Amino acid sequence: MTARIPLTVIFLLLASNAGIFAQDTLQIDFNTFLNKALQNSGQVKYQQQDVELAENQVKQAKAQRILPNLSLTTQHGLVPGIESDVPGLPRDEYYLDPNLRNDWTNWAIFTKFQLSAVQPVFTWGAINKAIEAARLGAEAAQYSFDAQKADLEVRIFDLYYSYILALEIERLLDEAQDKVNQVERRIEEMQEEGDTSLDDSEIFKFEIYKSEFEIQKAEVEENMRFVTETWNYVLRNEEGTVFEPQIRFLDPVASNIESLRFYQDAAFNNRPELEALRVGESATRTYITSLKKQNLPGLYLGGYVNFANTPNRPRQSNPFIENSTNLFSGGFGFTIRQKLNFFSIRANIERSQIQLKKASLAQDAAKDGILLEVNNQYRQTSLANVKVEQTDEALVTSKKWLRQEQLDYDFGMGEVKDLIDAMRKELELKLQLKQRIFEYNSSLAKLNKSAGIPLTTLITN
């Protein structure tokens, strides 16, 4: 029988050949390990950007309330002066000279500023609805992020308990090594004494058992190396500190399983995927309301300020005469805006209504998928629980068998092959029990995840 450690966290591991130079050993609980792993995860940081983008859309929507259209334009350059041949004509009346001409010998810097602004006054609540739709979209993005993070948390859970499983198997093999050594010494003594009750077939079986045992030890060593390197990468351990789980013995994380109805109801109430779809539907409905209001006539306040200055050209004092190189003017007033692209407006609303219907159907589809997921995971968890209980009972029986074989062998009534068979079966069941406890814990974690229950509720350390 070969003990294997299933790891579903390969994507977290980058190959590393650097050795571990231990300086300190630090035991950490699951919550600390989970928080550190999530904090260092590039996948989490990448998915977090979707939330930040959605939050940025909220800021953009809010920015439409105060001066959504505000612009400043500047112009700069060199401009020639002007000259008039009319004697005594004041400079501010040069526009009266029909023969006014440029003075190409007199140059000056031209500077112009144009400031314009538009402020919504009454839009039938279209802006507020757009802000509300963006806010709901950001909330839906956060729920989607929580759903993606929950998948990663299950993998981190498996990684944490994989280390505990590796430690347990390591201890079991160390204990088994002592028994193997005892049997080996006893066989050597019997051979030296010329005991004829020892068959060659029994010696051959024992040698085969030792070879298989060495293979198991090698597998455990490789598994332990893999787990520790994965831990170092996930925790970004660069200081040589040896991290170990605070839990030292692998036991079931929960003594019982709730009813199937409990997990189904919890899933429908807590699954972030469903919350994301519900909020997304509300966001789409609110956005449709905003679109309809945006298509109504809106009242806006607009204003502008123009300023230009060129030192070598006169500023006209007559308000009806405008000199584009020397001026200062401005104004403000109310305006009514009405969109007239009715066909485009109708198409946009119809598209949003289709999206709204799609969001409603997506909820029904998601509920069906979640129900099947919960039912299947509940079946696997219940089966894993039965395997743990039955394997534990079989282990108790195997211990009685081994104890009896040891007594018979010590009194010269038993045979080596029976003792080896009992030892082999006990070790096999011990390893199998720990493996099945790990599978049960992993299944229960997946069941909680499928029901939207935080994994931290499983841990009581």
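This is a dialogue on how to read some features of a predicted model.

Visitor: Where do I start: how many helices and strands does the protein have?

Guide: Start with the elements. The model is predicted, and its secondary structure comes to eight helices and six strands. Read from the N terminus, the elements run β-α-α-β-β-α-α-β-α-α-β-β-α-α.

Visitor: Is the protein spread out or compact?

Guide: The radius of gyration is set against a value from the globule rule. For 461 residues the rule gives 23 Å, and the protein has 40 Å, well over that value, so the protein is more spread out than a compact globule. The span of the C-alpha trace along the principal axes is about 145 × 55 × 35 Å.

Visitor: What share of the residues count as buried?

Guide: A residue is called buried when its relative accessible area is under 20%. By that reading, 40% of the 461 residues count as buried.

Visitor: Take two residues as examples. Is D24 buried or partly exposed, and where does A451 lie?

Guide: D24 is in the segment before β1, which covers residues 25–28. Its relative accessible area is 48%, so D24 is partly exposed. A451 is in the segment after α8, and with a relative accessible area of 0% A451 is buried.

Visitor: What is the separation of the C-alpha atoms of D24 and K210?

Guide: D24 and K210 are 186 residues apart along the chain, and 35 Å separates their C-alpha atoms. A second case is A451 and A359: they are 92 residues apart along the chain, with 21 Å between the C-alpha atoms.

Visitor: Now the rings. What describes a pair of aromatic rings?

Guide: Two values do: the distance of the centres and the angle of the planes. This structure holds 13 aromatic pairs. One of them is F157 with Y161, a tilted pair with 4.7 Å centre to centre and 35 degrees between the planes.

Visitor: Why are F157 and Y161 separated by about one helical turn?

Guide: Both belong to helix α3, and they are four residues apart in it, so about one helical turn separates them. F157 counts as buried, at 0% relative accessibility. Y161 counts as buried too, at 4%.

Visitor: Why is the pair of Y160 and W231 called stacked?

Guide: Planes under 30 degrees apart count as stacked. The planes of Y160 and W231 are at 25 degrees, with ring centres 5.6 Å apart, so this pair is stacked. Y160 lies in helix α3, while W231 lies in helix α4, residues 200–234, so the pair ties together parts 71 residues apart in sequence. Y160 is buried, with a relative accessible area of 0%, and W231 counts as buried at 1%.

Visitor: Which residues form one aromatic cluster?

Guide: The cluster is made of F30, F33, F157, Y160, Y161, Y163 and W231.

Visitor: Which residue lies over the face of Y233?

Guide: R236 does, at 4.4 Å from the ring centre. In another such case, R337 lies over the face of Y300, at 4.8 Å from the ring centre.

Visitor: Next, open space. How many residues line the largest pocket?

Guide: There are 19 lining residues; nearest the centre of the pocket lie Q64, T123, I127, Q294 and Y300. Two or more lining residues come from each of β3 (101–122), α3 (126–193), α6 (272–294) and β5 (298–309). The most come from α3, which gives three residues. By type, the lining has 10 nonpolar, six polar and three charged residues. The space in this pocket is about 390 Å³.

How values were computed. Residues are numbered from 1 along each chain as its sequence is written. This is a predicted model: local features need pLDDT of at least 70, side-chain atom pairs count only at pLDDT 80 or more; totals for chains, interfaces and linings use all residues. Side-chain values use heavy atoms; hydrogens and water are left out. On a 1 Å grid over the protein atoms alone, a cavity is a set of points where a 1.4 Å probe fits but cannot get out, and a pocket is an open set with protein on both sides within 12 Å along at least five of seven lines; lining residues have an atom within 4 Å of a point. Grid points are joined across faces, edges and corners, and a volume is the space filled by probe spheres set on the points. Ala, Val, Leu, Ile, Met, Phe, Trp, Tyr, Cys and Pro count as nonpolar, Asp, Glu, Lys and Arg as charged, and the others, Gly among them, as polar. Rings of Phe, Tyr and Trp (its six-membered ring) pair if their centres lie within 6.5 Å; planes under 30 degrees apart count as stacked, over 60 as edge-to-face and the rest as tilted. Buried means under 20% relative accessible area, exposed over 50%, partly exposed in between (1.4 Å probe, protein chains only). A charge sits over a ring if NZ of Lys or CZ of Arg is within 6 Å of the ring centre and within 35 degrees of the ring normal. The radius of gyration is taken over C-alpha atoms; the globule rule is 2.2 Å times the number of residues to the power 0.38.
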